[in-house]
Amino acid sequence: MATTALQHFLLIEQTRPIFGRVAFDNVGSQKVLEHCGFVKIGTDKGFANVRQLEVEEYTYRLAEG
């Protein structure tokens, strides 16, 4: 369901590049981004509100095209 939702969003939102960030251990969300053409470009740390702590995050980018 998440992949379909993102695919529909990307049809509406034409701005590129688009960036996404996902927690290092959220494999499901990583697969959604990758399936939709996003490429992992780096890592960073960010505060996860749900977890109430800082976690390592992967940064993804969807290029033009």
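Visitor: Which residues of α2 are buried?

Guide: The buried residues of α2 are Gln30, Val32 and Leu33. Viewed down the axis of α2, they fall within an arc of 160 degrees, so they line one face of the helix. The arc is that of the directions from the helix axis to the C-beta atoms. Buried means under 20% relative accessible area, exposed over 50%, partly exposed in between (1.4 Å probe, protein chains only). Helices (H or I, at least four residues) and strands (E, at least two) are DSSP runs, numbered from the N terminus.

Visitor: What should I know about the model itself?

Guide: This is a predicted model, and its residues are numbered from 1 along each chain as the sequence is written. Local features need pLDDT of at least 70, side-chain atom pairs count only at pLDDT 80 or more, totals for chains, interfaces and linings use all residues, and side-chain values use heavy atoms, with hydrogens and water left out.

Visitor: Which residues are exposed on the other side of α2?

Guide: Lys31 and His35 are exposed there.

Visitor: Now the sheet. What is the order of its strands?

Guide: Strands of a sheet pair through backbone hydrogen bonds, either parallel or antiparallel. Here an open sheet of 3 strands runs β1-β3-β2, with antiparallel pairing. β1 and β2 are the edge strands, each pairing on one side only. Neighbouring strands of this sheet are turned by 30 degrees against each other on average, direction ignored. For such angles, axes are lines fitted to C-alpha atoms (for helices, over the stretch in contact), and angles run from 0 to 180 degrees between N-to-C directions.

Visitor: How many bridges join β2 and β3?

Guide: β2 and β3 pair in the antiparallel sense over 9 bridges. Two strands pair if DSSP finds at least two bridges between them. Lysine 40 stands opposite tyrosine 60 in β3.

Visitor: Where does lysine 40 lie relative to tyrosine 58?

Guide: Lysine 40 lies over the face of tyrosine 58, at 4.0 Å from the ring centre. A charge sits over a ring if NZ of Lys or CZ of Arg is within 6 Å of the ring centre and within 35 degrees of the ring normal.

Visitor: How many salt bridges does the whole structure hold?

Guide: A search of the whole structure finds 3 salt bridges. Each needs a side-chain nitrogen of Lys or Arg within 4 Å of a carboxyl oxygen of Asp or Glu. Arg21, Asp44 and Glu57 are linked in a network of salt bridges.

Visitor: Is glutamate 57 buried or exposed?

Guide: Glutamate 57 is buried, at 13% relative accessible area. Arginine 21 is partly exposed at 45%, and aspartate 44 is partly exposed at 38%.

Visitor: Which residue does aspartate 25 bridge to?

Guide: Aspartate 25 forms a salt bridge with arginine 51, the closest N and O atoms being 2.9 Å apart. Aspartate 25 lies in the loop between β1 and α2 (27–35), and arginine 51 in the loop between β2 and β3, so the pair ties together parts 26 residues apart in sequence.
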